[in-house]
Amino acid sequence: MTEAPRQVREEGRRVVLRVQDLAKHFPVKHGLFGRVSGHVYAVDGVSFSIHEGETLGVVGESGCGKSTLGKTVLRLLPPTSGQILLRGKDITLMPERHLREQRRQMQMVFQDPYASLNPRMRCGEIVGEPLTIHGLASGREKEQRVTALFERVGLRPDQKKRYPHQLSGGQRQRVGVARALALTPSLIIADEPVSALDVSVQAQVINLLKDLQRDSSLAYLFISHNLAVVEHISHRIAVMYVGKLVELTDKKTLFRSPLHPYTEALLSAVPVPDPGAKRDRIILHGDVPSPMNPPPGCAFHTRCPYVKDICRTQVPALREVTSGHFAACHLRQPPAPA
Ligand code: SF4
């Protein structure tokens with residue numbers, strides 16, 4: 001059973017985003033005539049869904065395809081194959097002129113708030129710009145809505161007049177969040193939104209995102225390389241490795257009983273707050289394989305301490321091993337039907 005259809009059946013919770021077998025492959029061109037000599041399999045057959053008021057964390061090492069996944073879901077990159085449903089509407093191949101309306105429902109918060117904000121615009125103009133572009137408000141009404149957005153993200157109204165360089169990193173990220181909220185989206189894709197911030201400020205921004213979610217049932221796709229940050233904000237966590245999801249479940253289950261050897265290794269590196277508690281660190285040998293030339297079979301087999309012969313030839317499917325807990329590993333099979 002794939003992950004997405006199962007969740008659509010869950011009662012009482014509306015699915016905001018459903019992604020089915022999504023792939024994004026980049027052609028690699030060589031020579032004078034740009035001959036295609038291969039592909040980078042950045043995202044390769046990813047399925048998941050996100051409900052109202054839910055945060056799905058996507059975690060993995062850098063280069064695993066998680067940022068490409070976020071951009072492809074937003075249609076900033078055209079998907080190679082698969083399906084993206086936003087509130088039940090198929091936007092996979094939707095023409096740009098229709099997509100613009102749908103994009104109001106999906107906004108992005110970027111990693112580096114400084115690079116993602118126009119340095120020549122005042123912060124109030126930055127937050128109000130989406131309202132102008134989509135023709136939603138102008139003049140006094142726009143001004144009032146921008147002021148309300150500033151207050152909602154914990155900024156003072158007088159900071160509307162400041163330029164991005166006149167604010168701290170955390171304040172700039174709040175401006176980025178206010179801009180994303182301007183169109184009252186139902187989904188925010190946050191790509192490493194706190195990794196450029198000081199540790200002390202990270203918690204403030206994460207708590208802001210959680211407060212906003214509590215108030216408005218926003219859904220988040222929260223992308224990060226940092227499992228501790230993802231744990232703090234997510235309801236469920238998807239672990240990504242070389243373009244594929246290898247494990248997906250609720251955060252408690254993931255931290256208590258991971259099923260995939262790669263997740264085990266990632267968790268072993270997360271610091272434990274209790275100095276008396278001991279966690280054996282699993283050191284993975286070898287490098288992350290290139291997504292241009294992923295190993296045959298299970299992409300993790302070159303580093304897996306439990307590798308078997310079958311792992312070198314057969315790709316393990318993401319299967320529901322126990323209720324709501326999915327893993328892609330030949331060692332983890334669902335129980336046989338009685
Ligand atoms: Fe390891 Fe094999 Fe499982 Fe891959 S399928 S994670 S190589 S045991």
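Tyrosine 262 is buried, with a relative accessible area of 0% (buried means under 20%, exposed over 50% and partly exposed in between, for a 1.4 Å probe and protein chains only). The model is predicted: local features need pLDDT of at least 70, side-chain atom pairs count only at pLDDT 80 or more, and totals for chains, interfaces and linings use all residues. Residues are numbered from 1 along each chain as its sequence is written, and side-chain values use heavy atoms, with hydrogens and water left out.

Confidence was examined next. The protein chain has a mean pLDDT of 90 (pLDDT is the predictor's confidence in each residue, from 0 to 100). A value of 70 or more is reached by 94% of its residues. Over residues 4–9, pLDDT stays under 50. For this stretch the model has 18 contacts beyond four places in sequence (contact means heavy atoms within 4.5 Å).

Aromatic pairs were searched across the whole structure, and 3 were found. Rings of Phe, Tyr and Trp (its six-membered ring) pair if their centres lie within 6.5 Å; planes under 30 degrees apart count as stacked, over 60 as edge-to-face and the rest as tilted. Tyrosine 241 and tyrosine 262 form a tilted pair, 4.5 Å centre to centre with 55 degrees between the planes. Tyrosine 241 lies in strand E9 (residues 236–241) and tyrosine 262 in helix H11 (residues 261–268), so the pair ties together parts 21 residues apart in sequence. Helices (H or I, at least four residues) and strands (E, at least two) are DSSP runs, numbered from the N terminus. Tyrosine 241 is buried too, with a relative accessible area of 3%. Ring pairs link Tyr241, Tyr262 and Phe300 into a cluster.

The largest nonpolar core has 55 residues. Such a core is a set of buried Ala, Val, Leu, Ile, Met, Phe, Trp, Tyr and Cys residues joined through side-chain atoms within 4.5 Å. Val175, Val177, Leu181 and Phe222 touch the most other members. Helix H8 (residues 199–216) supplies the largest share of this core, 6 residues. Beyond four places in sequence, the residues touched by phenylalanine 222 include Leu56, Val58, Ile206 and Leu209. A second, separate core of 31 residues includes Leu187, Ile189, Ala219 and Leu248.

Serine 224 lies in strand E8 (residues 219–224). Serine 224 is buried, with a relative accessible area of 4%. Its side chain reaches the backbone nitrogen of asparagine 226 at 2.9 Å. Beyond four places in sequence, serine 224 touches several residues, among them Lys66 and Glu192.

Note on methods. A polar contact is a pair of N or O atoms within 3.5 Å; within protein, one must be able to donate a hydrogen and the other to accept it, and residues adjacent in sequence count only if both atoms are side-chain atoms.
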